[in-house]
Each structure stands twice: as structure tokens, then as C-alpha cells.
Amino acid sequence: MKYFSIIFILFISIVSHAQTKHNPVINTDFPDPTVILAHDGKYYAYATNGRHDGKLNNIQLASSTDLFNWTYLGDALPQKASWAGTTQNYWAPHVLYDEDIKQYVMFYCAKSDDTTYGMCIGVAFASKPTGPFVDKGSPLMKGKDFKVLDPMAMTDPKTKKKIMYWGSAFAPISISELTDDWKDTVAGSKAIPLLFTNTEKEYTKLIEGAWVDYHDGQYYLYYSGDNCCGDNANYAVMVARADNAFGPFTRLGETRADSSSVILAKDDTWFAPGHNSIVHDKDGHIWMAYHAIWNREAAASRAEKKNKYVRRVMCIQPVVYKNGWPVVEKIY
């Protein structure tokens with residue numbers, strides 16, 4: 001009887017564990033997700049604007065203790081920036097913690113009230129990962145149309161410089177050096193293009209959603225292309241690597257016979273996966289968080305032929321580095 005009880009408990013434990021690991025981990029519209037492990041030991045996910053329980057949030061926010069079970073918290077940026085007060089286009093947040101200033105720093109895109117510009121990159125600060133984040137009062141970087149987009153900032157592990165990767169709108173993904181307070185680009189510095197469009201047969205007409213993971217002395221630049229949304233969505237995650245944060249970067253496709261840099265693409269369940277972030281968990285495991293569209297929802301939308309927006313939910317998969325490159329294991 002004792003042996004049976006032990007077996008039963010183990011069975012229940014296995015079933016329970018399996019039930020907690022599933023995709024999507026956030027089954028609501030939660031595009032362009034950034035996931036971080038904060039100082040309080042919890043994981044926080046930030047996403048492009050979205051509606052939840054009837055409320056429209058500028059930057060969506062959720063928390064988790066295990067990366068798979070999430071609680072929706074609301075708006076990380078409840079007060080719009082003074083330079084982007086008339087728009088609801090608040091997109092693609094990235095958040096980091098700066099030990100020196102003891103602040104969480106959020107980079108995001110928003111459409112400028114000044115019609116001379118289009119999407120611009122803003123920066124906001126908070127003492128807690130939940131915010132409220134407060135914008136610095138002016139754009140960090142101004143752009144035309146959708147060129148200045150999708151920021152991802154970090155302190156370079158090798159040089160300790162503050163740097164930001166960004167780019168979209170059929171332009172290269174570039175890097176810019178930032179001031180120590182994260183509030184501006186370094187005077188006299190110029191953006192350096194790192195990855196270019198139309199380099200591969202598929203997914204590179206437009207590239208965006210840069211995210212850099214520093215692993216074993218290498219900089220791995222994850223990026224997505226080329227169309228996130230609508231009836232003609234065609235989206236996947238690709239990767240390149242370099243010895244230096246400022247490049248030059250070698251695309252995975254340059255080392256493969258099929259010339260493809262894709263490491264995550266559509267399958268039988270998911271359509272147009274992409275715009276990922278990378279998070280290292282408490283145990284040292286590596287995960288990719290990204291958005292994707294249910295195949296059935298994408299197919300239903302295409303059948304209407306109205307090129308409608310279809311919700312992008314958040315998924316997560318384990319990543320391992322093998323032979324010098326990341327592999328998405330896709331086990332959940």
C-alpha cells in the first residue's frame with residue numbers, strides 16, 4: 001500500500017508539472033514581449049499596447065514565478081509621454097535594471113505628436129519592475145515612418161559602454177552608443193548598421209525586433225522578419241553572432257548549406273512566430289519568449305480576405321547553445 005501511495009504521488013506530481021508547462025503562456029494579445037528576471041525573484045513580461053478587461057494599456061505588464069503561469073498586472077506606463085500624448089501606438093518595450101542608479105529603465109517606441117516624425121524611441125524610469133515608469137520628457141531617438149523602432153539596450157559586458165540595438169522599416173538593424181544615464185546618444189557618435197535586409201531567400205525583406213544575448217564571450221543577435229501581421233504575415237526568428245557588440249556579425253545562414261539563419265518558424269500549431277526576448281532563469285536555463293498567432297485564427301482571418309489584425313499571444317521555449325549557435329528546442 002505504501003509503495004502504491006508513493007507511485008500515485010509521483011504520478012500526480014508529473015501530471016501537475018506537465019500541466020504548468022504549456023503554450024501559450026499568455027493567451028491574450030501580448031505582442032513583442034520582453035521578459036526579465038527582476039531583483040525580487042519574479043519574472044516580468046512587458047508588451048506592446050493592448051486591451052485587457054476593457055481597459056487599453058500603453059505598455060502591458062504581467063508577472064510570474066515560474067515563466068509559465070502569469071498574472072496580468074495592467075499598465076507599466078500609465079501616463080503617456082508628453083511628446084506622444086495623442087497616440088495609442090506604444091510598441092515593443094525593453095526593460096533592464098541599472099545597478100548604479102538603482103532604477104529599472106524602459107525603452108519603447110511611440111508615435112510622435114510632431115508630425116515631422118513617425119515612430120520614435122523613448123526611455124522611462126521606475127524604482128520597481130511594476131512601475132509606474134515615467135518618461136524622461138523627450139524622445140531618446142527621433143525617426144521617420146517606422147525606421148526608429150524596436151529598441152533593445154544593454155551594458156556591453158566587455159567595454160561597459162551603454163548601447164542600444166534598434167531598427168526596422170526596410171532599413172538595417174543598427175547599434176548606437178548611449179550616455180551613462182541612458183537618456184541620449186553619445187554626442188558625435190553615429191549609428192552603425194549591423195544587419196541588412198534582403199540577405200536571404202525568405203524572411204529578410206524587413207528585419208526588426210533585435211535582441212542580444214551574451215553567451216560564452218559571443219554576442220548573439222536575434223532578429224525577426226519580414227511581416228508580423230495581417231493576411232500576408234510571414235514571420236520567423238533568425239540569429240547572427242559576433243565577438244564584438246559593434247560587430248561585424250556573421251549570420252547563421254552564412255555557415256549553413258541551406259543559407260538560412262532561421263531558428264524558429266511556423267509549424268502545425270503556430271503561425272508567424274517572432275519578435276523574441278531571451279531570459280536566463282534562476283537555475284541558469286535559457287528561454288525564448290516570443291509572440292505567435294494560432295494557426296486556426298490566422299486561417300479564419302485569411303478566409304475573410306480583409307487583412308485584419310489577429311491577436312499575437314506569448315509563447316516560451318527552451319534554448320540551448322550547440323556548436324556555437326542557439327537551438328530552440330520547442331518542447332512545450
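Residues are numbered from 1 along each chain as its sequence is written, and side-chain values use heavy atoms, with hydrogens and water left out. Because the model is predicted, local features need pLDDT of at least 70 and side-chain atom pairs count only at pLDDT 80 or more, whereas totals for chains, interfaces and linings use all residues.

**Exercise 1.** Describe the largest pocket by its volume and its lining.

*Solution.* Step 1: the terms. On a 1 Å grid over the protein atoms alone, a pocket is an open set of points with protein on both sides within 12 Å along at least five of seven lines; a cavity is a set where a 1.4 Å probe fits but cannot get out; lining residues have an atom within 4 Å of a point. Points are joined across faces, edges and corners, and a volume is the space filled by probe spheres set on them.

Step 1: the largest pocket holds about 710 Å³ of space. Its lining has 27 residues, of which His94, Val95, Leu96, Tyr97 and Met154 are the closest to the centre.

Step 2: two or more lining residues come from each of β1 (34–37), β7 (90–98), β11 (152–155), β15 (208–215) and β20 (270–280). The greatest contribution, 5 residues, is that of β7. Strands here are DSSP runs (E, at least two residues), numbered from the N terminus.

**Exercise 2.** Describe the second largest pocket and the largest cavity.

*Solution.* Step 1: the second largest pocket contains about 480 Å³ of space. Among its 23 lining residues, Trp91, Leu149, Glu208, Cys228 and Cys229 lie nearest the centre. β7 and β16 (218–227) are the elements giving two or more residues to this lining.

Step 1: the structure holds 4 cavities of 30 Å³ or more. The largest cavity has about 70 Å³ of space, and 14 residues line it, with Thr34, Pro151, Ala210, Trp211 and His275 nearest its centre. β7, β15 and β20 each supply at least two residues of that lining.

Technical notes: Helices (H or I, at least four residues) and strands (E, at least two) are DSSP runs, numbered from the N terminus.
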